[in-house]
Each structure stands twice: as structure tokens, then as C-alpha cells.
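Dear colleague,

I am handing over the structure shown below for your records. My findings follow directly after it.

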Amino acid sequence: MSSRLALAELPQLERRTLADTAYEALADLLASGRLTPGDRLSLRQSAAALGVSVMPVREAVSRLVADGVLEVAPTRAIRVPVMTARDFRALAETRMAIEGIAAARTAEHRSEADLAAIRRAEAAFRAEAESAEPDCTRAVRLNRDLHFAIYAACGLAPLQEVLARLWLKAGPVINLDLRAHPERLLQGFALRRHAEALVAIEAQDGPAAAAALAADIREAADFILSRGGLRDA
């Protein structure tokens with residue numbers, strides 16, 4: 001067999017650039033709550049951490065600025081925006097609607113493999129939340145992982161893209177709140193709502209799954225807003 005024929009049999013690879021990889025890495029820092037509102041981001045330090053030149057990081061940051069999840073300060077510093085209480089309330093209401101749709105779709109269409117992944121994610125968050133000394137930053141990441149294990153099974157790629165952008169904005173605020181008020185994790189609101197969502201997905205009950213996720217988001221948002229940590233509009 002000639003090399004031309006052999007190469008023709010190879011599967012098509014996804015075209016990825018260093019900028020794509022840098023974007024995904026920085027987006028994960030935001031969505032998983034490892035960056036908080038007001039944190040500054042150095043292009044050089046980010047490039048060094050990723051083992052790439054500054055150029056792909058600059059391109060990735062430009063995309064995140066265009067997404068509205070990073071901003072360029074008057075000093076030209078790049079930072080995570082500080083969200084107002086009004087903006088956070090609007091974000092929570094939007095998440096309740098959109099994530100409710102995704103949870104309902106997952107309950108109605110999930111496979112056994114999907115269900116197994118959701119169970120693992122729920123168990124991982126529960127183990128961290130119920131540990132003697134829970135790591136709040138890790139809990140934020142595991143909470144995100146559970147939500148996205150649910151949404152990964154919804155079967156609607158455009159909806160998943162919308163959810164990913166919403167979490168780029170939500171992750172930093174959730175993490176900042178848990179750092180300041182770790183008692184929220186100990187109160188167990190999220191544990192109860194997650195358990196309700198899992199039961200609903202197991203039963204293929206779309207409305208109940210949507211209600212559980214919406215309640216999870218609403219209760220977390222109410223707690224954060226009640227603490228007054230976000231500035232008024």
C-alpha cells in the first residue's frame with residue numbers, strides 16, 4: 001500500500017491551535033472558580049504556566065474579553081470583572097431558565113452511561129462537602145463538574161455552548177462567596193438539591209430535574225446576595 005493510500009485512511013483530526021488550548025485553560029480557571037472578581041491576569045505568567053509564547057495567550061484573552069468574562073482596566077491590566085448585585089441577580093435568573101431546560105432534557109434522554117457519570121460527579125461533590133475540613137475551592141470545581149455532567153447528556157450542543165459561557169461569569173462569584181462564607185457549604189442546601197436532581201434524572205422526570213436545578217441556583221444566589229458582598233449597581 002502506498003503512503004498516499006495509507007494517509008487517506010487516517011481519520012480527520014480536529015484542528016486546534018495554541019490559542020484554542022490557552023482559551024480552554026483560562027476558561028476552566030474562570031468556570032471552576034479558581035479566579036475571583038478583581039483578580040488580575042498576567043499574559044507573561046499565563047504563557048509561562050502553559051508553556052507557550054505570549055501571542056496565543058493574548059489571542060485567548062482577547063476572546064475572553066469579547067465574551068465579557070475578562071476586562072481591560074484603565075491601567076491596561078487584564079482582570080476578572082467585579083459583578084454588581086443587579087447583574088448577578090440577572091445571571092442567576094438566566095441560569096435558572098437555561099439550566100432547567102438542559103436538566104429536563106437530560107432526564108428525558110439520558111443513557112445509562114450518562115447516568116453513571118452523573119452519579120460519580122454527585123458522589124464526588126458530596127464527599128468533599130461532607131468531609132471534616134472541606135476545601136471550598138475544590139468544592140466549587142466539583143459543583144461545576146456535577147452540573148456539566150448533567151448538561152453533557154442533554155443532547156443539544158448549542159445549549160451546552162450557552163451554558164459554558166454563563167458559567168464563565170458565575171464561577172468567580174461563587175468561589176469568592178465560598179471563600180468568605182464557607183458555612184454555606186456546611187448548610188447542605190446544594191447537597192439536597194443535587195440529590196433531588198439525581199433522583200429525578202434516574203426517574204426520567206424532566207420537570208422535577210428542572211425544578212431541582214433551578215432551586216439549587218436560586219438558593220445559592222439568595223445566600224450570596226444576602227451577604228452584601230456584591231456592590232450595588
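Two strands are taken to pair if DSSP finds at least two bridges between them. On that basis the model, which is predicted, contains an open sheet of three strands in the order 1-3-2, with antiparallel pairing. Its edge strands are strand 1 (40–41) and strand 2 (71–72), each of which pairs on one side only. Between strand 2 and strand 3 (residues 78–79) the antiparallel pairing runs over two bridges. Glutamate 71 has arginine 79, in strand 3, as its bridge partner.

Helix packing

The next item concerns helix 3 (residues 43–50) and helix 4 (residues 54–66), whose axes come within 9 Å and cross at roughly 115 degrees. Angles of 65 to 115 degrees count as roughly perpendicular, and the two helices, helix 3 and helix 4, are therefore described as roughly perpendicular to each other. The crossing of helix 3 past helix 4 is right-handed. On the side of helix 3, the contact is formed by Leu43, Arg44, Ser46, Ala47 and Leu50, while helix 4 contributes Val54, Val57, Arg58 and Val61. By class, the residues of this contact between helix 3 and helix 4 comprise six nonpolar, one polar and two charged.

Two loop residues

Arginine 34 is located in the loop that joins helix 2 (18–31) to strand 1. Is arginine 34 buried, exposed or partly exposed? With a relative accessibility of 36%, arginine 34 counts as partly exposed, because that class lies between the limits of under 20% for buried and over 50% for exposed. Leaving aside residues up to four places away in sequence, arginine 34 touches Asp28, Leu29, Thr137, Asn175 and Arg179. Arginine 34 also lies 9.1 Å from leucine 176, C-alpha to C-alpha, although 142 residues separate the pair in sequence.

The second residue is glutamine 204, in the loop between helix 10 (189–202) and helix 11 (206–226). Most residues other than glycine have a negative phi.

With kind regards

Conventions:
Residues numbered from 1 in each chain as written. Predicted model: local features only at pLDDT ≥ 70, side-chain atom pairs only at ≥ 80, totals over all residues. Heavy atoms only, no water. Helix = DSSP H or I, 4+ residues; strand = E, 2+ residues; numbered from the N terminus. Axes fitted to C-alpha atoms, helices over the stretch in contact; angles between N-to-C directions. Parallel < 35°, antiparallel > 145°, perpendicular 65-115°, else oblique. Left-handed = near helix turned anticlockwise from the far one by under 90°. Contact = heavy atoms within 4.5 Å. Nonpolar A, V, L, I, M, F, W, Y, C, P; charged D, E, K, R; others polar. Buried < 20%, exposed > 50% of the residue type's maximum accessible area, 1.4 Å probe, protein only.
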